[in-house]
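Let's walk through this structure together with a few questions and answers.

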Amino acid sequence: MDEREYLSTAKIGKTHGLEGYVRIFSLSGETEHLLKLKEGRARLKDGRTVDVRIASVRLLDSDVLMKFDTFDTPEKARILSGGILQIRREDAPPLEEGEYYMADLFGLSIVSDGNIVGTVEGIGEGSQAPLLIVRKKDGKSFLLPLMEPFCDHPDFEKGSIELLEKDLLSL
């Protein structure tokens, strides 16, 4: 199955109660789509993935609680804690004009003066903007803040992002 078919949508928290519910923390702040989910997969802390069917979702104040079919006790559900809930693209909230999923940045080329200088291979968190982890052709990496004046907006049709701050290449 193509990894790009899945999007990370929520962090799976600690168990809640005696029926196997776990707390779910949306990565985007959107929670409405979580209430409608029927299935997905959990990427566990050790990197393994487990397909999950959602048996029940409920709200507790502003928290989302979710129960999975085969993880119906606190002991079984604890395995999922600390993992990431991933969903198929078609189950994700619709995007507004100009929005994109962070997962779509992976593999984009970083271009400077018409030449490919690297490829996005990861994303980190920065204080003001996401940080793209860019692997250069020589194998070295650099961090590229995903904001002007460092780079332009992603051009998904071309599969690239224009590097505006060329000094980052020498770091």
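**Strands and cores**

In the hairpin formed by β7 and β8, with two residues between the strands, Asp113 has a positive phi near 50°. Strands here are DSSP runs (E, at least two residues), numbered from the N terminus. This is a predicted model, in which local features need pLDDT of at least 70 and side-chain atom pairs count only at pLDDT 80 or more, while totals for chains, interfaces and linings use all residues. Residues are numbered from 1 along each chain as its sequence is written, and side-chain values use heavy atoms, with hydrogens and water left out.

Reader: Which residue in β11 is the bridge partner of Ile110?

Author: Strand β7 (residues 109-112) runs parallel to β11 (residues 160-162), joined by three bridges; strands pair if DSSP finds at least two bridges between them. On its β8 side, Ile110 stands opposite Gly118. In β11, the bridge partner of Ile110 is Ile161.

Reader: Is His33 buried or exposed?

Author: His33 sits in the loop between β2 and β3 (39-43). Leaving out residues up to four places away in sequence, His33 touches Thr9, Ile87, Asp91 and Pro93, where contact means heavy atoms within 4.5 Å. Buried means under 20% relative accessible area, exposed over 50% and partly exposed in between (1.4 Å probe, protein chains only). His33 has a relative accessible area of 9%, so His33 is buried.

Reader: Which residues does Ile24 contact, leaving aside neighbours within four places in sequence?

Author: Ile24 is one of the residues touching the most other members of the largest nonpolar core, which has 21 residues. Such a core is a set of buried Ala, Val, Leu, Ile, Met, Phe, Trp, Tyr and Cys residues joined through side-chain atoms within 4.5 Å. With those neighbours set aside, the contacts of Ile24 are Ala10, Lys11, Ile12, Leu34, Val64 and Met66.

Technical notes
Helices (H or I, at least four residues) and strands (E, at least two) are DSSP runs, numbered from the N terminus.
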